[in-house]
Amino acid sequence: SVFDHILWINLGHYFVERSDKNNLTYDMYFDCLTKIYQQIGISSNTLNPELIWQPGDTKIMGVAKVIQAMEKSKLDVSKVIEGRKILIVLDDVWSPEDIDLFNFGEHLRSSFSLLLTTRTVDPFTKAGSWSINMSLMSHDEAFHLFLSESGISLGEEKATRNQNMDEIFRIVQDCGLLPLTIKVAGRIVKSCKSVQADMKLSDLANIIRCSTHSRDVN
């Protein structure tokens, strides 16, 4: 593989669940960084927010402290992934300003790539970047793409086959019918099956959902 790690962060669900937010808060960002550590296989206990509030802090001082803490955390992650060839997939980006929070490459000497999907149009792309306009897939197209990427068998028995088809349609629906997201989900399933071949597809569907969704964001 070209990369040592392909890390997948679903940004969109934070804003679906928190419709009052347009940009990542520190809690959301810290949750994303925790997911990065988990996918690499490193304890997230080493992440230290270092947010210290004091009596008399004004709103502007509070915002400044949050920004400093986020930049410090970004630097900490850069140190952790230094020496690894990393691709980070930012899925369903809502705000272009959030992208810089994950550009760990500016502090790295090793290989780093950032790939993002978004439903918004940003005409001012950065130098050295490329954009591809893609439409949503149909359910049948998404179904077959997932099958090809995951390499799974639907099963011989009719009941098992129908159950697996239902699980796959659930997975591709959770992926928003987005091609890149479906490809990553399929590869997660393929990787899990290589470790535990008898793992049920329903369990794999839950792994995919847990790896990209957090219900504990405050």
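Q: Among contacts in the protein between residues at least 6 apart in sequence, what percentage join residues at least 24 apart?
A: In this predicted model, the share is 72%.

Q: How many helices and strands are there in the protein, and in what pattern are they read along the sequence?
A: The protein has 7 helices and 3 strands. Along the sequence they follow the pattern β-α-α-α-β-β-α-α-α-α.

Q: In what order do the strands form the sheet?
A: The 3 strands make an open sheet with the order 1-2-3, and their pairing is parallel. At the edges lie strand 1 (5–10) and strand 3 (112–118), each of which pairs on one side only. Neighbouring strands of this sheet are turned by 15° against each other on average, direction ignored.

Q: Over how many bridges do strand 2 and strand 3 pair?
A: Strand 2, residues 86–93, pairs with strand 3 over 6 bridges in the parallel sense. As an example of a bridge, Leu87 has Ser113 in strand 3 as its partner.

Q: Which strands does helix 6 touch?
A: Helix 6 (residues 179–195) packs on the sheet and touches strand 1, strand 2 and strand 3. The direction of helix 6 makes about 125° with that of strand 1.

Q: How are two packed helices described?
A: The description uses the angle between their axes and the distance between the axes. Here, helix 4 (residues 139–150) and helix 5 (residues 158–174) have axes that come within 9 Å and cross at roughly 105°. Angles of 65 to 115 degrees count as roughly perpendicular, and helix 4 and helix 5 are therefore roughly perpendicular to each other.

Q: Which residues make that contact, and of what class are they?
A: Helix 4 contributes His139, Ala142, Phe143, Phe146 and Leu147. From helix 5 come Met165, Ile168, Phe169, Ile171, Val172 and Gln173. By class, the contact of helix 4 with helix 5 has 9 nonpolar and 2 polar residues, with no charged ones.

Q: What is a disulfide, and how many are counted here?
A: A disulfide is a covalent bond between the sulfur atoms of two cysteines. In this model the count comes to 0 disulfides.

Q: Are Cys175 and Cys192 buried or exposed?
A: A residue is buried when its relative accessible area is under 20%. Cys175 has a relative accessible area of 5%, so Cys175 is buried. Cys192 also counts as buried, because its relative accessibility is 19%. For the protein as a whole, 42% of the 218 residues count as buried.

Terms used. Residues numbered from 1 in each chain as written. Predicted model: local features only at pLDDT ≥ 70, side-chain atom pairs only at ≥ 80, totals over all residues. Heavy atoms only, no water. Pairing = 2+ DSSP bridges. Helix = DSSP H or I, 4+ residues; strand = E, 2+ residues; numbered from the N terminus. Axes fitted to C-alpha atoms, helices over the stretch in contact; angles between N-to-C directions. Contact = heavy atoms within 4.5 Å. Disulfide = S-S within 2.5 Å. Buried < 20%, exposed > 50% of the residue type's maximum accessible area, 1.4 Å probe, protein only. Parallel < 35°, antiparallel > 145°, perpendicular 65-115°, else oblique. Nonpolar A, V, L, I, M, F, W, Y, C, P; charged D, E, K, R; others polar.
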